[in-house]
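Here is a short briefing on one chain. Please look over the sequence and the model, then read the points below.

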Amino acid sequence: TTLKFIHLNDLDALITYVSEKLKTMKYQHAAHKTIIAVWLLELYLKRLDGPMDPTINIGERKKVLIDEIMVFLKEHKEDLDKSEIVFHMLSMFSQKTLLARWSLLTGKYNKIIEWYIQSKDYSSIQDLLKKSADKELIYQLAPILMRDAPEQMVDTLIALGPD
């Protein structure tokens, strides 16, 4: 059945079908669940990067798809959080928003921080620090931010309070 959807080039139907199959898999098949979840994530990302219906507002459509992907990531966090593959895939598809949300969901901030530092996106680092309130992370990034974005670092420290 899966091959039929692939041959028909019907990505939405394929995602729906494979999602249902994944939901019915038992816990004992953890490796299989991980493989299928990774494949589904790739399908979602292809749909996000693919052609959009011109009759629908592209910004709204992308937001809906990103929200849909986040629901999927939350539902299958246990299946996907075992390796760095999600970070790699989101980076490969240049999905900064999803990468940031996945980092917050998993508490693994290093990948998104590397991305933000390389792109000199200090306001996103500031937002991440405020959301995570992880003191160790703040101390780790303080020298870089004090050098490259001192005002934003001070604003972040003030926003986080005296603790």
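Q95 is buried in this predicted model. Its relative accessible area is 9%, and the cut-off for burial is under 20%, so Q95 falls on the buried side.

- Q95 sits in the loop between α6 and α7.

**The aromatic pair**
- A search of the whole structure finds 1 aromatic pair.
- The two rings belong to Y44 and F72, with centres 5.1 Å apart.
- Their planes lie at 45 degrees, so the pair is tilted; edge-to-face would need over 60 degrees, and stacked under 30.
- The pair links distant parts of the chain, as its two residues are 28 residues apart.
- Y44 belongs to helix α3 (residues 30-49), and F72 to helix α4 (residues 58-75).
- Both partners are buried: Y44 has a relative accessible area of 8%, and F72 has a relative accessibility of 4%.

**The largest nonpolar core**
- The largest nonpolar core has 43 residues.
- Residues with the most contacts inside this core are L41, L45, I69, F72, L73, L80 and L98.
- F72, a partner in the aromatic pair, is thus listed here too.
- Elements that give two or more residues to the core are α2 (11-24), α3, α4, α6 (85-92), α7 (96-106), α8 (110-118), α9 (122-132) and α10 (135-148).
- The largest share, 8 residues, comes from α3.
- L80, one of the residues with the most contacts inside the core, touches T34, A37, V38, F72, L73, V86 and W102, not counting residues up to four places away in sequence.

**The second largest pocket**
- About 150 Å³ of space lies in the second largest pocket.
- Its lining is formed by T97, A100, R101, L104, Y116, S124, D127, L128 and K131.
- Helices α7 and α9 each supply at least two residues of this lining.
- By class, the lining has 4 nonpolar, 2 polar and 3 charged residues.
- R101, D127 and K131 are the charged residues in this lining, and T97 and S124 are the polar ones.

How values were computed:
Residues numbered from 1 in each chain as written. Predicted model: local features only at pLDDT ≥ 70, side-chain atom pairs only at ≥ 80, totals over all residues. Heavy atoms only, no water. Phe/Tyr/Trp six-rings, centres within 6.5 Å; stacked < 30°, edge-to-face > 60°. Helix = DSSP H or I, 4+ residues; strand = E, 2+ residues; numbered from the N terminus. Buried < 20%, exposed > 50% of the residue type's maximum accessible area, 1.4 Å probe, protein only. Core = buried A, V, L, I, M, F, W, Y, C linked by side-chain atoms within 4.5 Å. Contact = heavy atoms within 4.5 Å. 1 Å grid on protein atoms, 1.4 Å probe; cavity = no way out; pocket = protein on both sides within 12 Å on 5 of 7 lines; lining within 4 Å. Points joined across faces, edges and corners; volume = space filled by probe spheres on them.
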